[in-house]
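Biologist: Could you walk me through this protein? I'd like to start with the ligand and then look at some strands.

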Amino acid sequence: MADNQNPFNNFQDKNNNKPKKKIGFYWVYIILVAFFIGSIVFNGSGSVKETTMTELSKMLRDGDVAKIELVNGRTAEIYLNDQGMRKYFPNEKPHSFGSSPNYKLNVSEDRLYTKVDEAQQGMANPIEVIPVERHNWGVEVISWVLPLVLIVVFWIIVTRRMGGGAGMGGGGQIFSIGKSKAQLYDQEKDTKTTFKDVAGLEEAKEEVMEIVDFLKNPKKYTRLGGKIPKGVLLVGPPGTGKTLLAKSVAGEANVPFFSISGSDFVEMFVGVGASRVRDLFKQAKEKSPCIIFIDEIDAIGRARGKNIMSGGNDERESTLNQLLTEMDGFGTNSGVIVLAATNRADILDKALMRAGRFDRQIYVELPDLNGRREIFEVHMRGLKLAGDVDKEFLAKQTPGFSGADIANVCNEAALIAARRNKNSIEKQDFLDAIDRIVGGLEKKNSVITQSEKKVIAFHEAGHATTSWMLEHAHPLVKVTIVPRGKALGAAWYLPDERQITTKEQMFHEMVATLGGRAAEQIIFGKISTGALNDLEKVSKQAHAMVMYYGLDETIGNVSYYDSTGQQEYSFQKPFSEKTAEKIDAEVSKIIESAYQEALRILQEHKDGLTQLAEKLIDKEVIFSDDLVAIFGERPWKTEERSFSRHKEDQPENTTIA
Ligand code: ADP
Ligand code: ZN
């Protein structure tokens, strides 16, 4: 992704053996000129005199004509006999017939036949018109070749325009348009990126460690028949270090690294994407073991056939299909591993995620306080700092910043200090740099003010506290107030793997979901718009309880659920107005009592709630351990369940805001 600090970005094959390719162009011009000259030379009849129909009629009447040929049904060529030659070309030596015509006449076929017949009426040996087909190869070839040449020239111009210096050679050469534009970083030649350059992202690093291990020593795994993932999807917002992570995997394993952006596959020419994919994998296999990194894979991997209206997506689809084919095609032991980055895993085609493709996903989130401090550390390595620079403090000043933003802050601070003619970069320079970056970020809407942060912290703490206190609510695993996507905070729960949910369980879940808003109400005395997601979820759940599952006493064991799905298209409700009113009343009754329950729990544990929120403001992330420290162990023992860190991060299990 776009990053200016990247030392690799300067690497580009600028002098892409241009001179050699130029010769190719000159050939085109030479062939063109040759055809022009050829056509003129071959067009031998250029010197023949023109005549008129009247003249020809006269010649025929006088018996001066030896032969008339009608060439290609268009041009009459007239050959004179000895008598005619003497009459019309007295100075020329008489020559044998048929060598070349003496006159020509452009005339339509019909007219020629009629006029010739007319002129020779009643004559003993009338001259007959002889039709001939004659090809002027020069002209004909030109008429074929010229449009082709024009198309090719146009193509060259267009690709040059589009290439605009981007990527390897950027088009330029017509013959390489189907070649992949991947940049290759060779570990011997280029600066190496290693895990040392990647701050934070401990979990992600751990996950990719296995890949590094495999690339370093493939035999160790293949010997036992183990299968190493072919593809790994890095999911996370821009600037969080996905490219960096992929590069560091290559660096750690000391293998070549191919980098390409998904959008590079998509050109205006049909079939280019697919052939680029093919080419990329061919190149990669030659360099195996190696890593292919595809940035912005959503450019080609978006779910197929969802957007019927837009049409014309065949090209993207065929590119995607080619990618899938390639990934299926190479064996697990071929040593090529594809890492792909996206910030939206949800819009990707499910086929990409199938086993043997990108079956592993690693989440790369915005850094928390700790992460930000470490990123500052990494990027301050090369800087000359004054004594008053405190990384911890700077990390606190930059909530919601991505790794790329922090890299930017460091660079900007250095520039500001230089402009002020300082010998080292001071705290104030960093603060000014942060201000400047925040100005840019504000447009992106990801900056949180301190008071907002407090509201979010209490909101999330409200969820955490209520769910901790309710037997059937999902126990909490992790809460953050680091913004993710549109949500300002998030809480992770460990869901039960239950197939059947009781009324009580549903109710407890709703109480926990309303806990966020209830906390705002208790602490600040007012509620905010931040609970939209929660309310939506609760309303749906309450409706489902009443209308689908028959869990409400007033409505009874009735379900208005339509498993055929046809109900969606009919405008008629399957119940009366009176029932509708009753349903509405029941739904609000359920929600209201859940909300009251949430308020009650939080009132009771107001101290704990406050402690939790303060901890959250301070650390930005808290885990179940922190809850235990505040509230003590939950009285209900949850059944032994195994879960991995990786799993809990799956979006299905995530409750946001
Ligand atoms: P992405 O691919 O996720 O958009 P990049 O990997 O291109 O992000 O990151 C852009 C730049 O931001 C990197 O080159 C690096 O300088 C900086 N950066 C991002 N995340 C980190 C991190 N965790 N540690 C150190 N630097 C980082
Ligand atoms: Zn919430």
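Biologist: Which helices each supply at least two residues of the shell around ligand 1?

Modeller: Keep in mind that this is a predicted model. The shell around ligand 1 has 18 residues, with Ala199, Gly239, Lys242, Thr243 and His379 the closest. The helices that each give at least two residues to that shell are helix 8 (242-253), helix 13 (369-380) and helix 15 (403-419).

Biologist: And which domains does the shell draw at least three residues from?

Modeller: By type, the shell residues split into 9 nonpolar, 6 polar and 3 charged. As for domains, at least three residues come from each of domain 2 (183-363) and domain 3 (377-439).

Biologist: How much of ligand 1 does the protein bury?

Modeller: Let's begin with some contacts. Oxygen atoms of ligand 1 sit 3.1 Å from a polar backbone atom of Gly241, 2.4 Å from a side-chain N or O atom of Thr243 and 2.9 Å from a backbone N or O atom of Leu244. On its own, ligand 1 would expose 560 Å², and the share of that buried by the protein is 96%.

Biologist: Now for strand 3. How many of its residues are buried?

Modeller: Look at both faces of strand 3. Thr75, Glu77 and Tyr79 point one way, Ala76, Ile78 and Leu80 point the other way, and all are buried. For strand 3 (residues 75-80), that makes the buried count 6 of 6.

Biologist: What stands opposite Ala76 in strand 4?

Modeller: Strand 3 also pairs with strand 4 (residues 103-106), in the antiparallel sense and over 4 bridges. In that pairing, the residue opposite Ala76 is Leu105.

Biologist: Last one: is Ser259 buried or exposed?

Modeller: Ser259 belongs to strand 8 (residues 257-261). The cut-off for buried is under 20% relative accessible area. Ser259 has a relative accessibility of 16%, so it counts as buried.

Notes. Residues numbered from 1 in each chain as written. Chains lettered and ligands numbered in written order. Predicted model: local features only at pLDDT ≥ 70, side-chain atom pairs only at ≥ 80, totals over all residues. Heavy atoms only, no water. Near = heavy atom within 4 Å. Polar contact = N/O pair within 3.5 Å; in protein donor to acceptor, adjacent residues only side chain to side chain. Areas by Shrake-Rupley, 256 points an atom, 1.4 Å probe, with all protein chains shown as cover. Nonpolar A, V, L, I, M, F, W, Y, C, P; charged D, E, K, R; others polar. Domains from an automatic or database assignment. Buried < 20%, exposed > 50% of the residue type's maximum accessible area, 1.4 Å probe, protein only. Pairing = 2+ DSSP bridges.
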